[in-house]
Amino acid sequence: MRASRLMISALAAVTTALLCTSTASAAPSPGASGIGDDYYPFDGNGGYDVSHYDIRLTYNPTFDLISGTTTIIAKATQDLSQFDLDFLLKVKSVRVNNAMAQFRSTTDGELVVTPVRSIANGSDLTIVVAYSDVPSNPDYKLYGFNSYTRTATGALAVNEPQIAPWWYPSNDHPTDKATFDVSIAVPEGYEALSNGVLVDRQQQINGWVRWNWRSLKPQNTYGTFFVVGQFDDLRFQTAPNGLPFISAYANDLGASADAARASVERTPEILEFEATQFGDYPFEAQGGIVVNPSELGFALENQTRPVYDGRSFRRGSNTYVVAHELSHQWFGDSVSVHGWTDIWLNEGFATYAEYLWSDYLGEGTPAEVAQFTYDSIPADDEFWQLLPANPGPAEQFNDVVYDRGGMTLQALRTAVGDESFFLILRTWARTHQYGNGATAQFIALAEAISGQNLSGLFTTWLYTAGKPATGPNGTAAGLARTAEPKSYQKIKETHEVLAR
């Protein structure tokens, strides 16, 4: 009897110890304050995965004042005691699963949220953030920059790699995509434009108009945008494939207005052509917005609806910049980078799309454009010292990433042949659709489809400083230069705008 009591006591002690150990090991902990990107350590967060954003705002252009709420639908990926959102503006309140939560903002753009109860791994999360602030405040910077632009008639929340923290809280990294509802109320006489389809425009009793936009496919955070301004030409059309085609042209484009229209209005034709090269168009709508040349300074591939700076058309129509940005719908938006070191997978591919469009127009084949680019840059030019597969954050949008990236793809085409090359592009776009891709994965796919060892080719073109001894068409350096393709100057001009 006594032995039995001792055994029971011992078993109870062991059980208690095991329970305590188990409880300790499963204790909720804060989610990481960054997702682990090599270039941008504060971007993204750990501990949850977002599936949907509902952004409902009022924007007052007189004061550049944004007010409203963002509701985030997510799922916890660990036991959470605390988590971060990427956000710069002043917050009024945060609710987590309907309960008021504690929060604080940090100087590096983190909104740290502590719910009243810990969140179990796998649990659903509904996060509601209420806020009101002026995003053009010069103190609101990430990595030394303010990515938001206040304009004479409104605002441009258009930029890359970061723009979300200036207008909505998010898990701000391309690896966490979600669907979006964006609703923005503005005074009558202003337009509020965003991604996807326009669900409706609601006239409000205070003389304001609410614009409701919806993105039906997964979308990365920097590809989500809003533009508020005055557009004297706002067009709602239907493309030949049945998709909504929405385009807008700012009031103050001056002499470039007709050239802009002659370029952007060809969007359905360009997408139709690119679909023959890359596979079916991946989204639910299409279009383009052209803003004042003094406001943006570049073009950006926002999902379904790129935004173009008016200076892209200052020398006449330019369908090359349109072809570039629209190709990003496949390479950048649908297939986003896994990390920002992989930026050539966006810009090199979009450059090659310009080469293909040149061929479509009869203004130079990809082989001719790539070879002339290669021939035009001397071996001692610093251009050849930057590595497109890891240019560093300060050089992420350097011409090298575009031009040497495009030449890399032509070198690949030369090595594997046309059939394998286009199968590689289409397979890449299909197998990583609505997801992410890394350079190592692309190389592995190219080798699997071609049956070749391509490590030498990619090492030479992406990872080795110096001008490759053999050009993108397999022609040794130093031979007679090819004639300048008709498209070359327009492509060069486009890259000058994009590099800004």
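This is a predicted model: local features need pLDDT of at least 70, side-chain atom pairs count only at pLDDT 80 or more; totals for chains, interfaces and linings use all residues.
Residues are numbered from 1 along each chain as its sequence is written, and side-chain values use heavy atoms, with hydrogens and water left out.

Student: What is the strand order of the open sheet of 8 strands?
Tutor: Strands here are DSSP runs of E, at least two residues long, and helices are runs of H or I, at least four, numbered from the N terminus. Two strands pair if DSSP finds at least two bridges between them. Pairing in this open sheet is mixed, and the order is 6-5-9-3-2-12-15-14.

Student: Which strands are the edge strands?
Tutor: An edge strand here pairs on one side only. That applies to strand 6 (99-100) and strand 14.

Student: How many bridges join strand 12 to strand 15?
Tutor: Strand 12 covers residues 178-187 and strand 15 covers residues 208-219. Pro187 has Trp208 as its bridge partner in strand 15. The two strands run antiparallel, and the bridges number 9.

Student: Which residue takes a positive phi in the hairpin of strand 14 and strand 15?
Tutor: Strand 14 (residues 197-203) runs antiparallel to strand 15, with 6 bridges. Gln202 stands opposite Arg210 in strand 15. The hairpin has 4 residues between the strands, and the phi near 85 degrees belongs to Gly207.

Student: What is the volume of the second largest pocket?
Tutor: On a 1 Å grid over the protein atoms alone, a pocket is an open set of points where a 1.4 Å probe fits, with protein on both sides within 12 Å along at least five of seven lines. Points are joined across faces, edges and corners, and the volume is the space filled by probe spheres set on them. For this pocket the volume is about 380 Å³.

Student: Which helix gives the most to the lining of the second largest pocket?
Tutor: Lining residues have an atom within 4 Å of a point. There are 19 of them, and Ile377, Phe383, Asp399, Asp403 and Lys492 lie nearest the centre. Helix 6 (366-376), helix 7 (399-416) and helix 11 (488-499) each give two or more. With 5 residues, the top contributor is helix 11.

Student: Why is the pair of Tyr222 and Trp340 tilted?
Tutor: Rings of Phe, Tyr and Trp (its six-membered ring) pair if their centres lie within 6.5 Å; planes under 30 degrees apart are stacked, over 60 edge-to-face, the rest tilted. The centres of Tyr222 and Trp340 are 5.3 Å apart. The pair is tilted because the planes meet at 55 degrees.

Student: Is Tyr222 buried or exposed?
Tutor: Buried means under 20% relative accessible area, exposed over 50%, and partly exposed in between (1.4 Å probe, protein chains only). Trp340 is buried. Tyr222 is also buried.

Student: Which residue lies over the face of Tyr374?
Tutor: A charge sits over a ring if NZ of Lys or CZ of Arg is within 6 Å of the ring centre and within 35 degrees of the ring normal. Arg261 lies over Tyr249 at 5.2 Å. Over Tyr374, at 4.4 Å from the ring centre, lies Lys467.

Student: What is the relative accessible area of Thr106?
Tutor: Thr106 is in the loop between strand 7 (102-105) and strand 8 (110-114). Thr106 is partly exposed, at 25%.
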